Amino acid sequence: MALLGTAAGILASAVATPEYRATTTLFASLQGGADTSQLNQGNAFTQARVQSYADVAASPQVTKPVVKALRLDMTPTQLASRISAEAPLNTVLVRLTVTDIRAERAARISNAVAARFAQVIRELERPEKSKSPSPVRLTVTQPATVPDAPSSPNTILNVALGLTVGLVLGLGLGVALETVDTSMRDSKALDECLAGAGGPPVLSSIVQDPRAVRQPVSLRDDVHGPRAEGFRKLRVNLQFAEVDQRPKVIAVTSPLPREGKSSVSVNLAATLAEEGARVCLIDCDLRRPSIAAALGLVRNAGLTTALVGQAELHEVLQSAGSFSVLTSGVIPPNPTQLLGSSQFGSLLRTLAEQFDHVVVDTAPVLPFADTAAMAPSVDGYLLVARAGRTSRSQIVDALRILERVNVPVLGAVLNGAPARGEGEAYSYAYKYRPKQSAKARFTALVSSRSAAVVPSPGSAANGHGVPVPVKTRP
């Protein structure tokens with residue numbers, strides 16, 4: 001807004017027609033009076049009268065003869081609007097100023113107005129029915145000269161005014177947007193929102209990284225980056241979320257779609273597997289599954305395939321390198337009933353026995369009932385909020401829904417946090433990383449790429465990461 005105001009000031013000066021001002025100064029005096037007393041009385045009389053003379057300068061008695069004499073292409077009223085007169089206090093001076101778009105004509109009109117003005121004042125002050133001269137005389141002491149530069153537009157004044165107005169409007173707009181916008185800008189705002197609703201703490205903030213779309217597993221592509229460190233912080237804090245009974249089956253959800261819950265699920269599984277644990281990631285978002293596409297796995301053989309009995313559970317497990325993945329399978333027409341069924345609970349218990357951690361990527365809480373339906377089968381929820389997108393009311397509503405199913409909400413994660421909105425922690429993460437040679441970086445890159453096993457469309461993988469054929473039942 002400040003830039004727009006400044007530009008408006010410059011534009012107003014550029015398009016405005018230049019105007020020139022020419023000023024004529026007249027001296028008012030009272031004729032007669034021989035002694036000092038009479039001179040003092042005359043001076044006081046002149047000072048009192050000269051204030052009224054200024055109003056006469058733009059009267060028709062002055063403007064009509066001037067328009068006629070100079071043959072101006074304007075009416076007397078238009079000329080009157082261009083004349084200004086002032087009489088400074090405690091002086092007997094009258095200054096007549098004429099504004100015109102032409103410098104030479106402004107000076108000519110100013111001098112003509114002054115001459116006619118002096119004549120009108122003499123006639124007004126002449127005693128009635130007397131042939132004696134007027135006791136008041138106006139003398140031109142400084143005639144108008146042709147001005148060298150236009151008086152307007154004043155570019156500096158216009159730019160300063162535009163800048164000031166822009167700053168005021170910008171500040172007002174900023175305050176209005178800050179008042180209306182209830183989205184979570186940083187982890188502090190999210191923590192205050194959760195505390196006000198009696199909810200869980202914020203376990204971690206995941207910094208916004210444009211490379212996350214192309215590199216879904218942060219630990220694999222940037223081991224010591226700020227995004228990877230954010231997920232490590234999530235892993236550590238999650239281990240202490242429930243000290244008495246550590247959660248084994250963790251459902252990751254969010255209030256609405258497009259808040260990054262699937263990305264958090266993938267990286268949480270990779271982070272848990274980093275310390276040597278056996279981890280299984282399940283894509284239970286049967287409305288819009290995305291795990292298979294993100295990791296380059298087969299989607300059609302997965303959770304729903306095992307639930308309907310078309311394949312055994314171990315036959316549809318796939319490998320994503322350090323952890324196993326159970327993709328969604330074919331999207332069913334009744335996701336809520338399927339996720340709330342006893343078969344789904346039995347499947348999760350089987351996986352919980354085979355793996356140290358089971359991470360479940362679920363559908364959003366507010367639009368669908370899928371997440372609440374699977375509550376008997378999970379140990380806790382992890383709520384993901386998007387910085388600058390998720391509002392306070394959406395978080396509170398999601399918490400209320402999850403509280404009704406009597407399953408603890410372990411904590412919240414702020415996804416897409418601004419890199420400079422969480423203090424200097426992220427700059428520390430960039431600075432505090434091991435130095436590697438070019439050869440070491442190349443070796444690590446090759447190793448990470450070769451670790452991601454991508455099965456062919458006609459195969460899946462067992463729990464050990466070995467591709468096996470998918471067997472289906474009629």
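1. The place to start is an open sheet of eight strands with mixed pairing, running β5-β12-β11-β6-β10-β7-β9-β8. Two strands pair here if DSSP finds at least two bridges between them. Because β5 (202-207) and β8 (318-319) each have a single partner strand, they stand at the edges, and one side of each has no neighbour in the sheet.

2. Before going further, a word on the source: this is a predicted model, where local features need pLDDT of at least 70 and side-chain atom pairs count only at pLDDT 80 or more, while totals for chains, interfaces and linings use all residues. Residues are numbered from 1 along each chain as its sequence is written, and side-chain values use heavy atoms, with hydrogens and water left out.

3. Back to the sheet. β6 and β11 pair in the parallel sense over four bridges, and alanine 251 has tyrosine 381 in β11 as its bridge partner. Helix α15 (residues 342-354) packs on the sheet and touches β6, β7 (279-283), β9 (324-326) and β10 (357-361). The direction of α15 makes about 140° with that of β10 (axes are lines fitted to C-alpha atoms, for helices over the stretch in contact, and angles run from 0 to 180 degrees between N-to-C directions).

4. For the chain overall, I get 19 helices and 14 strands; these are DSSP runs numbered from the N terminus, helices being H or I with at least four residues and strands E with at least two. Of the 474 residues, 44% are buried, meaning under 20% relative accessible area, with a 1.4 Å probe and protein chains only.

5. Now look at helix α17 (residues 392-403). With 12 residues, α17 reaches 17 Å from its first C-alpha to its last, close to the 16 Å expected at 1.5 Å a residue (the expected span is 1.5 Å times one less than the number of residues). Its buried residues are Gln394, Ile395, Ala398, Leu399 and Leu402. They sit on the same side of α17, because they cover an arc of only 135° around the axis, taken from the directions from the helix axis to the C-beta atoms. Those residues pack against α7 (187-196), β6 (249-253), α16 (370-373), β11 (380-386) and β12 (409-417).

6. Cysteine 193 lies in helix α7 and counts as buried because its relative accessibility is 10%. Leaving aside neighbours within four places in sequence, cysteine 193 is in contact with Met184, Arg392, Ile395 and Val396, contact being heavy atoms within 4.5 Å. Cysteine 193 and isoleucine 395 are 202 residues apart in sequence, yet 8.0 Å apart in space, C-alpha to C-alpha.

Terms used. Buried < 20%, exposed > 50% of the residue type's maximum accessible area, 1.4 Å probe, protein only.
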